[in-house]
Amino acid sequence: IPALPEGYQIRRINADDYERGALETLKTLTTVGKISKEEFTELINTWDKNPEIYHTLLVLNPSGKVAAIGSIIVESKLIHKCGKVGHIEDIAVNRNEQGKKLGLTLIRRLINIGAEAGCYKVILDCDPANELFYVKCGLSRTGVEMQFRF
Ligand code: ACO
């Protein structure tokens, strides 16, 4: 795993991160909507009740602001002898923090969490424009993404 730039750190999200810009960073990826501090705290509490399933990591910059965010959800299955699959979701690096290998470091850390949880694979869906980024993170293209949109 590459080292983060000087002064940056990576750790699990907590309820205090509402003020550190976790939601603003996610806006780089998609629509986030208006989320109150209470709603944010409730969701973090839901994740913290199932810490073996939900893992969301933040990269903080030297000013203590969120520079990048990403998650892995560890799914327990029946197939592969009650195997586990890690689903990487909602990766976002702040526009002014892109190109510093924060995304790569974050993905590597999430894959490590999957490995330590005993996953036999880690998967994700992405825009074709990001394929080369994920190839550089060590993933390879398989299958076709399908959706039923509501
Ligand atoms: N296409 C091709 N190569 C790329 C791309 C890209 N879109 N983005 C980064 N790379 C390359 C870099 O040039 C670098 O290559 P190098 O090692 O040869 O120098 C390598 O990948 C690692 O790049 P990082 O600096 O770690 O990338 P960054 O921190 O900027 O994060 C990311 C990349 C996550 C795609 C970021 O640009 C971003 O947040 N984009 C907007 C939101 C987004 O699209 N998120 C991913 C959604 S998919 C999902 O959530 C499962």
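Is R12 buried, partly exposed or exposed, and at what relative accessibility? At 28% relative accessibility, R12 counts as partly exposed, a class that lies between buried, under 20% relative accessible area, and exposed, over 50%, with a 1.4 Å probe and protein chains only. Before I go on, please keep in mind that this is a predicted model, in which local features need pLDDT of at least 70 and side-chain atom pairs count only at pLDDT 80 or more, while totals for chains, interfaces and linings use all residues. Residues are numbered from 1 along each chain as its sequence is written, and side-chain values use heavy atoms, with hydrogens and water left out.

Let me stay with R12 and turn to salt bridges. The structure holds seven salt bridges, each being a side-chain nitrogen of Lys or Arg within 4 Å of a carboxyl oxygen of Asp or Glu. In one of them, R12 meets D48 at 3.0 Å, N to O. Because D48 lies in helix α2 (residues 37-49) and R12 in strand β1 (residues 9-12), the pair ties together parts that are 36 residues apart in sequence; helices (H or I, at least four residues) and strands (E, at least two) are DSSP runs, numbered from the N terminus. D48, at 36% relative accessibility, is partly exposed.

Helix α2 also holds K37, whose partner E19 lies in the loop between β1 and α1 (22-26), so that this pair ties together parts 18 residues apart in sequence; the closest N and O atoms of K37 and E19 are 3.8 Å apart. A further salt bridge joins E97 and K100 at 2.7 Å, N to O, and here E97 is buried at 5% relative accessibility, whereas K100 is partly exposed at 34%.

Next, the aromatic rings, of which the structure holds four pairs. The rings of W47 and Y54 have centres 6.3 Å apart and planes at 25°, so the pair is stacked; rings of Phe, Tyr and Trp (its six-membered ring) pair if their centres lie within 6.5 Å, and planes under 30 degrees apart count as stacked, over 60 as edge-to-face and the rest as tilted. W47 is buried, with a relative accessible area of 18%, while Y54 is partly exposed at 29%.

Finally, a word on backbone angles. Most residues other than glycine have a negative phi. C82, which is not a glycine, has a positive phi of about 55°; C82 lies in helix α3 (residues 79-82) and is exposed, with a relative accessible area of 56%. D90, also not a glycine, has a positive phi of about 55°, and D90 lies in strand β4 (residues 84-93).
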